[in-house]
Amino acid sequence: MTGDAAYGATVAKRRLSGRLAAMRLRAGMSLNEASDKLGWSRGRLNRFEANQWRQPDPSHVRDLARIYGASDDEREELEDLVTRARARLWWHEPDRDKGRVFTSEFAGFENDAARISVYMPLVLPGLLQTRPYIEALLAVGPWPPPWRERALAARLRRQQILDRADGTAPRLIAVITEASLLYRWGTPADRRAQIGHLAAVSARPDVELRMLRFADGPHPGMSSLINIFDFPGDADPPVVYLENDTDITEVTRPAEVAAYKNTFARIREAALPPAATLAHLRNLSTTLDAGSRRPSTGGPP
């Protein structure tokens, strides 16, 4: 991403927290000292610096800039960050809705990332799923129908970041496995369409798709599920998200992020290169097509 589109609200909030913490340290103040100067309750400033806010209050940021002795340029930067951070985000549903699709900033970091590296061992990454595939996955979960409808719409909307034509589309590096395509769901036509979609997306210049095959044996990251978000420049360090059936964990500590980046690099290296992946997808589609014409064994289609 470049220019004014280099980052969105999620990254702006994170950057704002970091700027305020750095200014406080430069001013030689503790959290309590800064809070006392402004008559704030203990804990408010700690939450701000920990990026635990939904929409920063401009007056709060101006007060902090004043006691920290911020320069005119710094005040201007803080005002810009506050404006960006207060943008309305479609993935933030009202707090009163206890069935929110997103309970973390995952969608925001995904939206703002310059590069997305993702590996999922048993299912396809959400950015690459067709509608029938999404519906099949959601159908086996414990969620009520209204939540499933919102989750489906949200996942399809997330995928739109790959279609951005203004220079802000992220670079996507995805490693998938044969297992994610060989479960029987939907109809044979649905499954072939999903493979065809992967082949089409992999042809985009900003997408790198690699596959791990059963025939190649065990590989690094057999039980890992990794999403890595990298951002433009050096101002915003990368973020890692780890997923399971019930939770998404955010990882930001540099040493841990580096470890997951190393793991992803090994997984990527073990997978088929993009051209061989495309060839294998085409072969797999033919195999599925042939299998769909075999006599039924009584199982699901």
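Contact here means that heavy atoms lie within 4.5 Å of each other. Keep that cut-off in mind as we walk through this predicted model, since several of the stops below are described by the neighbours a residue touches.

Let's start with the whole chain. The protein chain has 12 helices and 6 strands, and its C-alpha atoms fill a box of roughly 80 × 40 × 35 Å along the principal axes. Of its 301 residues, 45% are buried. Looking at contacts with a separation of 6 or more, 73% come from residues 24 or more positions apart. The accessible surface of the chain comes to about 15,600 Å², and carbon and sulfur atoms own 51% of that area.

The 6 strands form an open sheet with mixed pairing, in the order 3-2-1-4-5-6. Strand 3 (207-212) and strand 6 (248-251) stand at the edges with a single partner strand each, so one side of each has no neighbour in the sheet. On average, neighbouring strands of this sheet are turned by 15° against each other, with direction ignored.

On one side, strand 4 pairs with strand 1 (residues 115-119) in the antiparallel sense over 5 bridges. Within that pairing, Val 118 has Asn 227 of strand 4 as its bridge partner. Strand 4 also runs antiparallel to strand 5 (residues 239-243), and 4 bridges join the two. Here Ile 226 has Leu 242 of strand 5 as its bridge partner, while Asn 227 stands opposite Tyr 241.

Asp 230 deserves a stop of its own. Its place is in strand 4. Is Asp 230 buried or exposed? The relative accessible area of Asp 230 is 9%, and because buried means under 20%, this residue counts as buried. Leaving aside neighbours within four places in sequence, Asp 230 is in contact with Ala 113, Ala 114, Arg 115, Pro 238 and Lys 261.

Strand 5 and strand 6 pair in the antiparallel sense over 4 bridges, and a hairpin through 4 residues joins them. In this pair, Val 240 stands opposite Val 251 of strand 6.

Let's turn to the helices. In helix 4 (58-67), the buried residues are His 60, Val 61, Leu 64, Ala 65 and Ile 67. An α-helix has 3.6 residues a turn, so residues three or four places apart point the same way. What do the buried residues of helix 4 pack against? Their partners are helix 1 (9-26), helix 2 (31-38), helix 3 and helix 5 (72-85). Gly 69 follows helix 4 and has a positive phi, near 70°.

Asn 51 lies in the loop between helix 3 (44-49) and helix 4. Its phi is near 60°, a positive value in a residue other than glycine. With 24% relative accessibility, Asn 51 counts as partly exposed.

The last stop is Trp 143, in the loop between helix 7 (131-139) and helix 8 (145-158). Trp 143 has 28% relative accessibility, so it counts as partly exposed. Which residues does Trp 143 contact, leaving aside its neighbours within four places in sequence? They are Leu 137, Leu 138 and Arg 148.

Terms used. Residues numbered from 1 in each chain as written. Predicted model: local features only at pLDDT ≥ 70, side-chain atom pairs only at ≥ 80, totals over all residues. Heavy atoms only, no water. Pairing = 2+ DSSP bridges. Buried < 20%, exposed > 50% of the residue type's maximum accessible area, 1.4 Å probe, protein only. Areas by Shrake-Rupley, 256 points an atom, 1.4 Å probe, with all protein chains shown as cover. Axes fitted to C-alpha atoms, helices over the stretch in contact; angles between N-to-C directions.
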